[in-house]
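Me: I'd like to walk through this model with you, one feature at a time. Could you give me the general idea each time, and then the case here?

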Amino acid sequence: MTVTESKSLTIGSRVYWQGNTADGGSITGTSWDAVTIAWDNGQAATVHHGDMREITRSPAKPIIVQRQP
């Protein structure tokens with residue numbers, strides 16, 4: 001994601017490391033220079049807007065939900 005995209009993230013936005021649905025997290029904080037991500041694996045990280053190249057806003061592969069009859 002670009003710096004501009006990163007700056008538009010809001011608390012609660014979902015993000016993914018390299019688009020991998022198994023490596024997702026939620027934005028828990030924002031500031032003028034960084035965002036804080038609570039990863040689903042229990043880790044937290046503060047990432048500067050310029051260092052968000054490996055992070056995407058949506059998964060690389062769509063999540064398919066199958067309906068039960």
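Me: Is Arg14 buried, exposed or partly exposed?

Reply: Some ground rules come with that one. This is a predicted model, so local features need pLDDT of at least 70 and side-chain atom pairs count only at pLDDT 80 or more, while totals for chains, interfaces and linings use all residues. Residues are numbered from 1 along each chain as its sequence is written, and side-chain values use heavy atoms, with hydrogens and water left out. As for the general idea, buried means under 20% relative accessible area, exposed means over 50%, and partly exposed is in between (1.4 Å probe, protein chains only). Arg14 has 32% relative accessibility, so it counts as partly exposed.

Me: Which side chain does Arg14 meet in a salt bridge?

Reply: The cut-off used here is a side-chain nitrogen of Lys or Arg within 4 Å of a carboxyl oxygen of Asp or Glu. Arg14 pairs with Asp40, at 2.8 Å from N to O. Asp40 sits in the loop between S3 and S4 and Arg14 in strand S1, so the pair ties together parts that are 26 residues apart in sequence. The count by this rule is one salt bridge.

Me: In what order do the strands of the open sheet run?

Reply: Strands here are DSSP runs of E with at least two residues, helices are runs of H or I with at least four, and both are numbered from the N terminus. Two strands pair if DSSP finds at least two bridges between them. In this model five strands make an open sheet in the order S4-S3-S2-S1-S5, with antiparallel pairing. S4 and strand S5 (55-56) are the edge strands, each pairing on one side only.

Me: How many bridges join S1 to S2, and how many does S1 have with S5?

Reply: S1 is joined to strand S2 (residues 24-30) by three bridges, running antiparallel, and to S5 by two, also in the antiparallel sense. Trp17 has Ile55 as its bridge partner in S5.

Me: What should I look for in the hairpin turns?

Reply: Check the phi angles. S1 and S2 form a hairpin with six residues between them, and Gln18 in the turn has a positive phi of about 50°. Gln18 is a residue other than glycine, and it is exposed, with a relative accessible area of 51%. In the hairpin of S3 and S4 there are four residues between the strands, and Gly42 takes a positive phi near 95°. Five bridges join S3 to S4, including the one where Ala38 stands opposite Ala44.

Me: Is Ala44 buried or exposed?

Reply: Ala44 is exposed, at 61% relative accessible area. It lies in strand S4 (residues 44-48). Contact means heavy atoms within 4.5 Å; leaving aside neighbours within four places in sequence, Ala44 is in contact with Ile37 and Ala38.

Me: Which residues make up the largest nonpolar core?

Reply: A nonpolar core is a set of buried Ala, Val, Leu, Ile, Met, Phe, Trp, Tyr and Cys residues joined through side-chain atoms within 4.5 Å. The largest one has ten residues: Met1, Leu9, Val15, Ile27, Val35, Ile37, Trp39, Val47, Met52 and Ile55. Strand S3 (residues 34-39) gives the most to this core, with three residues. Look at Ile27 too: not counting residues up to four places away in sequence, it touches several residues, among them Leu9, Val15, Val35 and Ile37.

Me: Where is Ser13, and what does its side chain reach?

Reply: Ser13 is in the loop between helix H1 (3-7) and strand S1 (14-17). It counts as buried at 11% relative accessibility. Its side chain reaches the backbone oxygen of Thr10 at 2.9 Å. Beyond four places in sequence, Ser13 is in contact with Gly25, Ser26, Ile27 and Arg57.

Me: And is His49 buried or exposed?

Reply: His49 is buried, with 4% relative accessible area, in the loop between S4 and S5. Its contacts outside four places in sequence include Val3, Ser6, Trp32 and Val35.

Methods: A polar contact is a pair of N or O atoms within 3.5 Å; within protein, one must be able to donate a hydrogen and the other to accept it, and residues adjacent in sequence count only if both atoms are side-chain atoms.
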